[in-house]
Amino acid sequence: MYVCLCNGVTDKKIRQAVRQFHPQSFQQLRKFLPIGNQCGKCIKACRDIMQEELVAMPEYQEIA
Ligand code: FES
């Protein structure tokens with residue numbers, strides 16, 4: 001589903017970026033995706049998706 005219509009960013013892309021880059025804030029997430037930089041209507045939804053994904057991620061990743 002498209003979350004940021006201005007930039008054509010989907011929730012799937014946001015979830016992938018969160019899992020890959022582990023952003024600590026919305027500002028950090030914006031370094032990886034063009035979100036919320038035009039009309040700004042998507043910012044709350046993007047934040048919510050980011051939080052959902054961060055909570056769902058395991059605290060430690062197993063190595064090897
Ligand atoms: S919908 Fe994301 S900046 Fe407009």
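Predicted model: local features only at pLDDT ≥ 70, side-chain atom pairs only at ≥ 80, totals over all residues.
Which residues make up the largest nonpolar core?

1. The largest nonpolar core consists of twelve residues: Val3, Cys4, Ile14, Ala17, Val18, Leu29, Leu33, Ile35, Cys42, Cys46, Ile49 and Met50. At least two residues of this core come from each of strand S1 (2-4), helix H1 (11-21) and helix H3 (43-56). In soluble globular proteins, nonpolar side chains tend to be buried together.

2. Leu33, one of the core residues, touches Val9, Lys13, Ile14 and Ala17, when residues up to four places away in sequence are not counted.

3. The protein contains three helices and two strands. Along the sequence they follow the pattern β-β-α-α-α.

4. Helix H3 has 14 residues and reaches 20 Å from its first C-alpha to its last, close to the 20 Å expected at 1.5 Å a residue. Its buried residues fall within an arc of 100 degrees when seen down the helix axis, so they line one face of H3. Cys46, Ile49 and Met50 are buried in H3, whereas Lys44, Gln51 and Val55 are exposed on the face turned away from the buried side. The buried residues of H3 pack against S1, H1 and helix H2 (26-32).

5. For 64 residues, a compact globule would have a radius of gyration near 11 Å, and the 12 Å of the protein agrees with this. The C-alpha trace spans about 40 × 20 × 15 Å along its principal axes.

6. Of the 64 residues in the protein, 20% are buried. Among contacts with a separation of 6 or more, 54% are between residues 24 or more positions apart.

Terms used. Residues numbered from 1 in each chain as written. Core = buried A, V, L, I, M, F, W, Y, C linked by C-beta atoms within 7 Å. Buried ≥ 20, exposed ≤ 12 C-beta atoms within 10 Å, placed from the backbone. Helix = DSSP H or I, 4+ residues; strand = E, 2+ residues; numbered from the N terminus. Contact = placed C-beta atoms within 7 Å. Rg over C-alpha atoms; globule rule 2.2 N^0.38 Å. Expected span 1.5 Å × (residues − 1). Arc of directions from axis to C-beta.
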